[in-house]
Amino acid sequence: MQPVIKRILKQTALPLYLQFRGLYHKGNKVTCPCCKRSFSRFLPLGVDRRPGQCPRCRSNERDRALWLYMEKYPDFINAGKKLLHIGPESIFYRYFKKMKGLHYTPADKFALTFESTYPSETIYLDIVHMPEIPDNMYDVILCSHVLEYIKEDDKAISELFRVLRPGGIALLQVPIKPGLEITYEDDSITSPEQRALIFGDPGHIRFYGEDYADKLTAQGFETDFIPFISLFTQEEIEKYGLVATDDFQLAKKSSWANEIIQQVLSFQLLLLPVLL
Ligand SMILES: [Zn+2]
């Protein structure tokens, strides 16, 4: 389909369809915190067809969890901050654009591929290699369920660390398989069908294990995995359509991390003449 037709459909037909779908499923059993509407149920989502999608705004479980998190901790993202949003979900785009004084950059490597779903301002950015972004640029990075698609995820984590300012925080959410100690990936699994069967999504190339935090700290981050969902009652978890086991995988760049890196680099430079 031509991009211009996709764009017209996105701007006209899709909003009308979602409005109709929201009205059709109107009810009082579940509530979406993102669009503030209540429905008879959430709609099937993903390869497992779990009831996870909001009929009106198309939010999924983790979108709703992040929305509730931002409501509970409004300082996480607020005016004056610089925010880099990888794989920008439209619903957050609308929310962030309304936030006066927020310096917001929606970006993705597949900005053109997902042109019909991403905001039109989304820039091309490959997080494995971001020479166009200066060091210490962003206060907050949102990169939710992206790393499991990337072959060189360690490089991507390292680059995200580089562009985050000291004292900044990144939400680097990935699927972690319960009980799996070591991250599992297999280069021989290449077809979308096999990947969907083994990793739960046709694009995923690995299952992260309990060593995910180690992967983050190896690139310089401090990790803070918060069991945010456990703050909610079982009734609220069902009402908002959350996943009870989802932790918030926050990665922080300590304010002195850069200083240490600079010191290590200068120490290596001092040693260079001796080694040579
Ligand atoms: Zn919604």
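In this predicted model, the largest nonpolar core has 36 residues, and F76, I77 and F96 are the members that touch the most others in it. Several elements give two or more residues to this core: strand 1 (26-32), helix 2, helix 3 (90-97), strand 8, strand 9 (164-171), helix 7 (234-240) and strand 13 (248-252). Among these contributors, helix 2 gives the most, with six residues. Because domain 1 (1-59) and domain 2 (60-271) both give residues to the core, it lies between them.

Neighbours within four places in sequence aside, F96 is in contact with M70, I77, L83, H85, L102, Y104 and L142.

Attention can now turn to charged side chains. The structure holds 16 salt bridges. In one of them, E61 pairs with R50, and the closest N and O atoms are 2.7 Å apart. This pair links distant parts of the chain, with E61 in helix 2 (residues 61-72) and R50 in strand 4 (residues 50-53), eleven residues apart. The two partners can also be described by their accessibility. E61 counts as buried, at 8% relative accessibility, whereas R50 counts as partly exposed, at 29%.

A further salt bridge joins K151 to E185, with 3.4 Å between the closest N and O atoms. K151 lies in the loop between strand 8 (138-143) and helix 4 (153-163), while E185 is in strand 10 (residues 184-185), so the pair ties together parts that are 34 residues apart in sequence. Both partners are partly exposed, K151 at 47% relative accessibility and E185 at 31%.

D153 and K215 form another such pair, their side chains meeting at 3.3 Å, N to O. Here, too, distant parts of the chain are linked: D153 sits in helix 4 and K215 in helix 6 (residues 212-218), 62 residues apart. D153 is buried, with a relative accessibility of 3%, and K215 is buried as well, at 16%. The residues of these last two pairs belong to a network of salt bridges that links K151, D153, D154, E185, D187, R206 and K215.

What else surrounds D153, apart from residues up to four places away in sequence? D153 touches L147, R206, Y208 and K215.

S144 is buried, with a relative accessible area of 15%. Leaving out neighbours within four places in sequence, the contacts of S144 are R62, E89, L171 and Q173.

C34 is in no disulfide, and the nearest cysteine sulfur, that of C32, is 4.1 Å away. For a pair of cysteine sulfur atoms to count as a disulfide, they must lie within 2.5 Å. C32 is buried, at a relative accessible area of 0%, and C34 counts as buried at 8%.

K36, which is not a glycine, has a positive phi near 60°. K36 is placed in the loop between strand 1 and strand 2 (37-39), and at 53% relative accessibility K36 counts as exposed. N136 likewise has a positive phi, of about 55°, without being a glycine. The place of N136 is the loop between strand 7 (123-124) and strand 8, where N136 is partly exposed, with a relative accessible area of 27%.

Terms used:
Residues are numbered from 1 along each chain as its sequence is written. This is a predicted model: local features need pLDDT of at least 70, side-chain atom pairs count only at pLDDT 80 or more; totals for chains, interfaces and linings use all residues. Side-chain values use heavy atoms; hydrogens and water are left out. Buried means under 20% relative accessible area, exposed over 50%, partly exposed in between (1.4 Å probe, protein chains only). A salt bridge is a side-chain nitrogen of Lys or Arg within 4 Å of a carboxyl oxygen of Asp or Glu. Helices (H or I, at least four residues) and strands (E, at least two) are DSSP runs, numbered from the N terminus. A nonpolar core is a set of buried Ala, Val, Leu, Ile, Met, Phe, Trp, Tyr and Cys residues joined through side-chain atoms within 4.5 Å. Domain bounds come from an automatic or database domain assignment. Contact means heavy atoms within 4.5 Å.
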